[in-house]
Amino acid sequence: MIPSGPEWTAMDPEHSVFFSRGNGSDWHLTLSATRPLKVLYFDGNSAAKLSEGTMDTQDIIAWGEPRPERFLDERDRIDDLCTWGKEFGIDGFARMEMSFEIMLCNFTAGVEVVSFVHLTLPRDDRPFPPPTSLDHYYTWIRSFEFMHSGSWHDRYPGDSRIVLDLTGLVSLYDTALAPSLISVRTGLERCGHRVLGISPDDISRVMRNLIKVVTRPHPVGSGIDWKTLIHVIVDRYADRLELTQYLLNVTSSDPQELLERAKLAQTQLRVMLTPYLLHSTPIPSAGTSGIYSSQWASPIFSLCARTHTSQITNLKPLMTSSELLLLKAVEDTTREICRVTTKMWAVGVTSGLDTLFPVKLNGELDVTQIMNVWRQDIQKLMSWLDWGVWIKCRPACGPEVGSK
């Protein structure tokens with residue numbers, strides 16, 4: 001029977017089939033949207049049934065405050081979210097666990113049935129540890145394919161069927177929107193950040209902001225493709241920063257090997273800064289120290305930091321508050337990348353490591369010290385950026401590699 005009230009729908013059939021039990025009652029419903037659905041997306045691992053914060057933002061909308069003790073109260077959560085959203089014409093809510101799902105509020109609005117079929121599936125008792133019988137083996141295949149299909153959307157562009165309107169981004173990292181959370185997350189790793197501890201005043205401010213977003217006319221904003229801009233920056237720097245980190249991760253104490261690695265790292269830093277190496281920049285002599293040690297490279301830093309956003313700032317009058325937040329995030333990110341890489345490159349130049357900018361040294365070069373400082377610089381930068389593209393197996397596993 002087609003649901004008469006709110007229910008969970010999967011973006012991939014492997015996800016929905018995972019919840020069947022192979023007991024003869026496995027009916028599979030496939031839907032198609034008849035119009036763009038108005039869906040509120042909860043970022044992060046927001047479908048994970050955990051009390052550690054994955055449900056916090058949903059709780060604020062559904063119940064007015066984070067309720068970690070109700071992390072398994074999914075039926076009330078979906079009903080109360082849909083009740084809240086009905087006033088604003090919201091069709092559902094998108095979340096992610098191992099794959100994406102839509103908490104669909106009404107199966108008769110904006111969707112039509114493609115098929116509603118009775119499937120033949122192996123019985124699923126899901127014992128643990130994994131069994132060896134053939135029927136159970138197929139059950140574990142089903143579980144694996146649920147995770148496998150979810151992995152298709154792990155990387156950019158994610159699930160392209162869900163189109164984000166970033167002009168309506170509401171972020172709890174916005175310190176003007178939720179200042180009470182600054183002290184809550186101070187000193188914590190990013191995985192420990194959550195909304196529990198937010199003040200009632202901030203909750204009211206967040207809800208006013210959210211209601212403003214979901215009731216505004218369309219289209220709004222500057223027209224900037226923020227998603228593409230952000231990924232241009234990630235694509236430009238992610239691999240190069242990772243390669244630089246690799247080049248600096250050397251344990252040898254051999255002076256010649258260290259020197260060669262330092263020169264390779266210097267070359268990679270120069271590659272990153274190539275579009276900004278102004279011919280008019282004066283190269284100082286070796287041994288320049290104090291506040292002037294890298295000040296000469298300021299024009300290079302400035303050009304690097306503002307290239308991706310200098311023209312965009314002209315559109316500020318057209319930007320929504322969400323876009324202004326995104327602009328600040330992009331500006332802060334490019335500024336920090338350029339600050340660190342320009343400083344490292346400038347040290348390499350004045351240390352005689354750059355063949356394009358030859359500098360004659362007055363004394364002996366302390367390569368070990370330079371490498372140690374560079375290693376710390378690149379590690380701090382990459383930890384601060386914390387980009388998802390760097391989350392991967394090293395080395396990647398082959399198709400037949402598994403645990404025993």
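Leaving aside its neighbours within four places in sequence, which residues is Glu 65 in contact with?

Author: Glu 65 touches Asp 59, Ile 60 and Ile 203, once neighbours within four places in sequence are set aside. Contact here means heavy atoms within 4.5 Å. This is a predicted model, where local features need pLDDT of at least 70 and side-chain atom pairs count only at pLDDT 80 or more, while totals for chains, interfaces and linings use all residues. Residues are numbered from 1 along each chain as its sequence is written, and side-chain values use heavy atoms, with hydrogens and water left out.

Where is Glu 65? It sits in the loop between α2 (56–63) and α3. Helices (H or I, at least four residues) and strands (E, at least two) are DSSP runs, numbered from the N terminus. Glu 65 is partly exposed, at 39% relative accessible area. That label falls between buried (under 20%) and exposed (over 50%), using a 1.4 Å probe and protein chains only. Now look at Asp 202. It is 137 residues from Glu 65 along the chain, yet their C-alpha atoms are 11 Å apart.

Move on to α3, which spans residues 74–86 and holds Arg 77. Arg 77 counts as buried because its relative accessible area is 0%. A polar atom of its side chain lies 3.0 Å from the backbone oxygen of Arg 70. Again leaving aside neighbours within four places, Arg 77 is in contact with Met 55, Gln 58, Asp 59, Ala 62, Trp 63, Arg 70, Phe 71 and Arg 95. Asp 59 is the link back: it touches Glu 65 and it touches Arg 77.

Last, the whole chain. It has 11 helices and six strands. Its C-alpha atoms fill a box of roughly 85 × 60 × 35 Å along the principal axes. Of its 404 residues, 38% count as buried. Take contacts between residues at least 6 apart in sequence: 71% of them join residues at least 24 apart.

Methods:
A polar contact is a pair of N or O atoms within 3.5 Å; within protein, one must be able to donate a hydrogen and the other to accept it, and residues adjacent in sequence count only if both atoms are side-chain atoms.
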